[in-house]
Each structure stands twice: as C-alpha cells, then as structure tokens.
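Colleague: I would like a close look at one part of this model. Please take me through the interface.

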2 protein chains.
Amino acid sequence: MVAVAIQMNENAAGHTRVAMVMDTIRQRVAGRSLTPGAKLPSVRALAGTLKVSISTVVDAYERLVAEGAILSRPGSGFYVANQAAPFALAEVGPKLDRAIDPFWVSRQSLEAGDADLKPGCGWLPPSWLPEEGVRRALRTLSRAGGSALTDYGSPLGLPLLRQLIARRMAERGIEASPDQVMLTESGTQAIDLLCRFLLEPGDTVLVDDPCYFNFHALLRAHRAKIIGVPYTPSGPDIEAFARTVAEHRPRLYITNSGIHNPTGATLSPVVAHRILKLADQFDLTIIEDDIFADLEHTAAPRLAAFDGLDRVIHIGSFSKTLSASARCGFVAAKPQWIDGLTDLKIATSFGGGRMTAELVLNVLGDGGYRKHLEVVRHRLSVAMREVSAKLKNLGVTPWLEPQAGMFLWCQLPDGVDAANVARAALEKRIVMAPGNAFSLSQSATSFMRFNVSQTLDPRIFEVLREVLAGRAN
Amino acid sequence: MVAVAIQMNENAAGHTRVAMVMDTIRQRVAGRSLTPGAKLPSVRALAGTLKVSISTVVDAYERLVAEGAILSRPGSGFYVANQAAPFALAEVGPKLDRAIDPFWVSRQSLEAGDADLKPGCGWLPPSWLPEEGVRRALRTLSRAGGSALTDYGSPLGLPLLRQLIARRMAERGIEASPDQVMLTESGTQAIDLLCRFLLEPGDTVLVDDPCYFNFHALLRAHRAKIIGVPYTPSGPDIEAFARTVAEHRPRLYITNSGIHNPTGATLSPVVAHRILKLADQFDLTIIEDDIFADLEHTAAPRLAAFDGLDRVIHIGSFSKTLSASARCGFVAAKPQWIDGLTDLKIATSFGGGRMTAELVLNVLGDGGYRKHLEVVRHRLSVAMREVSAKLKNLGVTPWLEPQAGMFLWCQLPDGVDAANVARAALEKRIVMAPGNAFSLSQSATSFMRFNVSQTLDPRIFEVLREVLAGRAN
C-alpha cells in the first residue's frame, strides 16, 4: 500500500490535450501536491500517466515555462517556479473544467445557486435545520450583555458551552472535563489545528479509502504523506490497517466512527478495539471526527469512549444539525495537549467566535433542539428508504443500507464512470459527488455519494436516468 | 541583522534555575521553535545563553529525560521526543509564571476577568463598541431568510459585504474589485492563509522591530525564519530594510502601515515608495495588515494604494471597531491569487462564517456606524492626551505622539525592566504589555505599550507609581 497522488481526470470536456496537461500541473500546484521549487514529473512519466503523447507534454511544459509558471533547467528537468502566483490563475474559469480533485464537491456545492440541486453536497437543506430555534437565539442574543456582543472570547471558549459539550459527550460514553474541551470555529479548523500541533511536514497520515474528501485537501496543505486503508461496512479493513501501520508507522489516523462519510457505515466494537490495540502498539494518535453524531438513532461505538481520550482526540461541530452559517466546532483531548492547542489557536485565529458560541449555546439549551433532532432523524430514515428504492430502479446499487445519517454510497451500473456522470449532471445544474473525489487510490470510479436529504427532487432521477441511458463513459 | 530566537526571560519569580531552564525548553517546544525530533542546544551553549551554570542545564535536561519530554542520545546530544504531548503540560499552571513570549500579552488579556484592568490589551472596551448597532443587526438577522441563518456561505463570502469592503478600500485609494476580496474568519486567519499560500517552511519573513507580537507566534507556527528591521516614527528604517532584503532575500514582509502596532507611528509616503521599489527589485511580497484603518482621522499612506495590489496584499477585519465577538476579516489580493486562497480556506476551515458576515454587513450598512466611529476617534484623542500626560508625570515617556489609534509606546524610567513591571502589575490584576513581547531582537526591555482606551482607571497609575517606586528591575 503506497500513497497515491490524486490523479486529475483526463477527459475534461472541450479541452485540448495540451491545455488539459497544463491544467493538471496547475491544479497540482494549487492543491500543493506540487510545491514551489518541486521537480515536475518527467515528460515521459506524465505522458504515461495521462495517456497522452510525449509531444503533448513537451508542448504543455513549454507553454507553462513561457507563462513563468515553471522553470526549465536544461539537463535536469522542469521545476515549479517559486512564485505561487501564476498557477492559481488556471483555477478561474468555467466550473465545468474543474478536475475531480478533493475540492470538486466542496467548490461546486458551495458555489451552487439556490436553484441548483445538490444531491452531492454534504449537508442538510436549510429547511431541515432548526431555523426557528436560531431566530429565537438571535433575539435572545440581541438582549445579552455588551461583552457577549463585542468582546473577544476566552482562549478555550465559552465555559457554559464547553460544559454542555462535555455533558453531551458523556451521553455517548466519552468522559471529558470541560477543561479538556476547546472551542474552534469549525470541525475543519479543529482538525487543522491538530495537524499543526501533531504533524511535521512529510509525516505519514492514515485515512480511510474512501473518506471525506476534505481530509485529503487538508492533509496536503500540511504536506503530509497520505496513505489509505480500504473501508469495510464495519470499519477499516483491519488486516490492511495492521499491515499499514506496521510498515509506514503513521503519526495519525483520521476517521469518522459514528456515521462514516461517504459510506454511511458504522464502526463495529471488535474493529474499534483492534484499532486501539494497534494504535497502542505503534504509537498512533487518532482523530475521531464525530460531526454526524446527532443524526444517529443509537450511538455507535466511539474510539474515544473505549480509549478515554488517551490516544484518541475527539472533534465535533454543529454545522450539520444546528447551523452551518454560525461556525462553531470543538476539540476534546487529553489535558496536556489543550494548552499548546490553545496557543496555536491564538497564533492562527486569535480569539474564538464568541458570538456564534453564545448562539449555539442558546439553541442547544432550548428544549426545541432535541425535538428537532428527532424530526430530522425520522425524515432522514424516510428519505433513505425512498431514495434508495428509486436509485435501485435505475440500476444504482447502495453499497450498504446505513443505520443512520444522510449518506448513501452507491455503485453505478457496470462500466459507468461517476466523474462523467457528475460532469453531465453539472451541465443540468445538478451537483453530484463522484466516488474518486473520496478515494485516495482512485478506486471508486463507479461510485457516487448521495445525500438523501438533497435527493428528493424528481428532476435528479430524470437527469440521472437520461445520463445513464447515454452510458456516460 | 540575524534572526534572533525569542529569549525566555530568566527572572521568572519563584522559580529555581533548573525549573527555569526546563520551562525554557518546554516553551520553545510549545511555541515550535524546537520541533519534535529536533536537537536541543548543547549544554554549554544553553548555559551561556541563559547565563546559568553548566550543571544547572545538565540537571534540567536530565529531569526532562526522566519526564519523557526529551531523549538523550549518548555521544550525540539531546533531542525533543516525538510525542508533542509532554511539553504542553508546562503551560498549565499559575499565569504569573508565563515567560514574556509572543503569547504573554494575548493569553493574559484574553484570560483576564471582567474585574481585571487591561492597559496592555490590544482592543477597545466593550462600552466603546457599537453595542446598539450590533443589537439592531441581530434583531434584523433574526428575521432573515433561512439560508442566511443555517446554510454555508459561498467560497469567497457574502457578495454584498465584499462589495462594501471594496468601496471602503476605494475611499482609502485602494482599488480592488469585489472578486479580489475574500472574507475570512478574522484578520489573523487572513494572514495565516496567506502564509500557507506563500511560504515554504524555512522561508525568511521580514517584520518590524517592534511589531504586533502575534506576527511572531504565527510565523513560528509556519516554521518561517523571522528577521526584524528597526521601526522609526515614519516607517521601517529604510537603510536597514534595504540591507536586509538584499542580504536575506525574504519572501514576505508583514507590517501595519495605517496605525502601527505597537508604536502608533504612521508610514510616510517617502518610506512607502522606497519599500515598494525595494520590493520590486528583490521580488518581495508585502502583507499590509490594516485592521486599525477605521481609527484614523485622515488616511495615512497605504502600500496597497501606491502599488495597486500587485506586490501588496491588503488585509483587514472588524474586530477593533465593530465587534471582536463576531469574527470577520478579509484579504484583498491580485485576482490570480484569490482562487488558490479560496481552496486553502475550504481545506482548512470549509465554509466561511456567513452569519457573522451578515451581521457585519448589517452594522456597516447602518448609518449609525460612521457616527460611532467619529465618537470613538474623538474619545481616543481625549484619552491619548490624558494618558500621555499622566504617564509623563510618572517619568514614563511616549516614544512619539501618535496621530490616531489606541496605542502609546512608552519608555520607562532608566533601568526599569518592563517585564518585571508587568509581572508586578499582574499580581495586582493589571495586564500590561511589556516591550520585549513585541521585539524580535529583545531590544525593547524598557518599553511598554499602553492602550489609552483601557488606561483610564486611576488604579493603573497608582499601581504603576508603586511598582516604579519599588524600581522593579
């Protein structure tokens, strides 16, 4: 098992081959898989990888040299110029040209207009979120003391919210004092701070294959070496996991254990226990990203619950069930780590978002929130059944029937490339989530992640039927 | 001029010498000037630097080995253990023990209770901020459309706020289209993203000496080599600046040009022009941190206005004049950089804080905000005169009389060490900002930064008089 660079897809419609090669390089630079000063792949190697002729690559490299984006060192090869600038340019342009890279789903989903359909996005529609609770909390906040409205928060973040988070974690069997909880601006920022705290450039990090695409993007920003382990319906393939940690000695493993993104799978207690034994044996730290926790009907095993926050760091946020507009996440970790993490948080974002923490506290403290969660879980179950049935009708087969959550990880009919389906759907203003955006090994070519709460519009199935009938491949 | 590691102060009261050496190492690890696996200074070198005996250092190193914090490799030396964990532990403890490092002022200020006085902190008291405007904006927001309350923001951030920011920049002579403006969670996050985008570990970055202490903390988190250039009342010492860029070829220069932190100085047009010429000559990128802009009576020269966002990146936030509780900042940069920055923002913090952007837009759009700024500027002028006079009475001499802003950079009477004054004041629950927290060369031993808006309580002058009478040195 080796780290596999995320491959750019070769078939970007309407591009000449030369432009495609140029874009591939620009994207790798923008995504930092090629950093300034780094040597580019040899002409021959890239031609092989991208299945184009050598002269196409030569032509593309020469144009990039002319643009100042790369340098030619005769006798040595081509190198990324030290100015990061010229590369980002390539990112500006028609969205349809974006490669299926770790940013594909996030950019398309976040940039989509209100009229666009987003079965590929990773969150609930606004109408499924506790809008009234948020309105009430805003009105309450408008009457709060002045410092809540205008002053910086304390370094760890709002004490009452940290207490509440500790209590909520205890309900899932994870024991932590409020002083072990540090608020962040989001779950993503929590992982980012942990990577800064724990990783050196070049350190190896283990992820699930498939996993949440943004783990790839984030780890690349930290210059980590990423290794994937195949995911099974009960957690990572534990034999592959054991071999990989023994061989590569990763510093970190990042995973979702409650409801796995993108598969919707649930970690089994047996696998959880074996992961923790291996973590002990090979001195591995685990980040357990638990942002879907509130969508579970019954709590799945948590690594942090078994481990007691020794090797496991637990993170969460409220973006998926309360509001993604009010940014607020948290880290729960062993006491010795909290102060260093706090310094890093101050250095890189100064005071936390006190106002959004006050807002989240208000909504969580409101009796309506638990009721809201029950309704959302029920709606998700109903949508899961409905969407699953409709997809099966089109020959699109769920990999498993998830116990909870919004994700349905599906295999397309034989021979169909999900990236092509996603591009065809995007022309009809439907944002989909093709499998390889989640897969480090690029082995999920024929998979697609559906968010059942965003897949209820009949137009999605019409377009999918059309595209599949055209056998986009 | 060479990069000088930030020295930990040797006189931490109540510490034995051995404990002091141990803390020095722990702080360097926590602050990442020593990273896991790095070799520690030799016993002899550290003894020389810290002016303690060799046996003191030997004793300290042995205890750190026993704790598992460092490893001894016989014949080779001492190395930081690969677990970052044991080090942060040292940070937990009485606040009085904190070294005067880049985190001193921020941690003490952010951790201070409501009853504590904070002449050293870097922001206005809540009662000086537009509380009523924020309350009105919260009520307006409570009636907004659902997606403003619960959905992610677009990748660049709220379009109307970006338009407004572009218009406000134009008033200061900086031309930028709204598409060149990307919202961030704070000014600090803006600089952090730019460092990720532009720097490789080991790159050299130029800062003013003195400068905002958090620039040091942030750059250390990026593993940059930091070099300081002395600051004069009209900007950086331009001869030193010229020599330094020629010798060290820094990748970046980070500065405040409007109102300089901590000195309150204003950049002169002549110096601005020379900086930009040198930047051109030596391919230097400049980050201009303009978060105090709204406190100016008349706009000082801006590097971004002269340069047109070519080599200069302009950043700002609303924490100093609108609310520090609602986090919202921005980057304005050349169009080619925006898309790469946006990808990095998504990778490391996903969607921006839409709700706080909506709130800021509301307050800025409210006619009351300009009126509020006029009042704040007037109050600051009055406070500046009053505090300056009272400090002079105590023999504390302003380095210059700032044209605007909240900061007064002052020299203490002969022979007095500001770190000792700050520690003595902290025992009386007064948070001060000793000069060396801002100085890379540690040459501001006898300076202190006062925030005039937070220095109006007579108790501050009583305590200062007492402490100075005791000749804390």
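How many salt bridges does the rule find across the interface of chain A and chain B?

Modeller: The rule finds eight salt bridges across the interface of chain A and chain B. A salt bridge here is a side-chain nitrogen of Lys or Arg within 4 Å of a carboxyl oxygen of Asp or Glu. One example is A:Asp343 with B:Arg107, where the closest N and O atoms are 2.7 Å apart.

A word on the basis. This is a predicted model, in which local features need pLDDT of at least 70, side-chain atom pairs count only at pLDDT 80 or more, and totals for chains, interfaces and linings use all residues. Residues are numbered from 1 along each chain as its sequence is written, chains are lettered from A and ligands numbered from 1 in the order in which they are written, and side-chain values use heavy atoms, with hydrogens and water left out.

Now the extent. In contact (heavy atoms within 4.5 Å) are 88 residues of chain A and 87 residues of chain B. The two chains bury about 7400 Å² between them, 56% of it on carbon and sulfur atoms. Buried area is the accessible area (1.4 Å probe) that two parts lose on being put together, summed over both. On the chain A side, A:Leu110, A:Thr150 and A:Tyr152 lose the most area to chain B. Together they make up 10% of what that side buries.

Helices matter for the layout. They are DSSP runs (H or I, at least four residues), numbered from the N terminus. Several in chain A each supply at least two residues of the side that touches chain B, including α5 (104-111), α7 (146-150) and α14 (335-349). α14(A) gives the most, with 11 residues.
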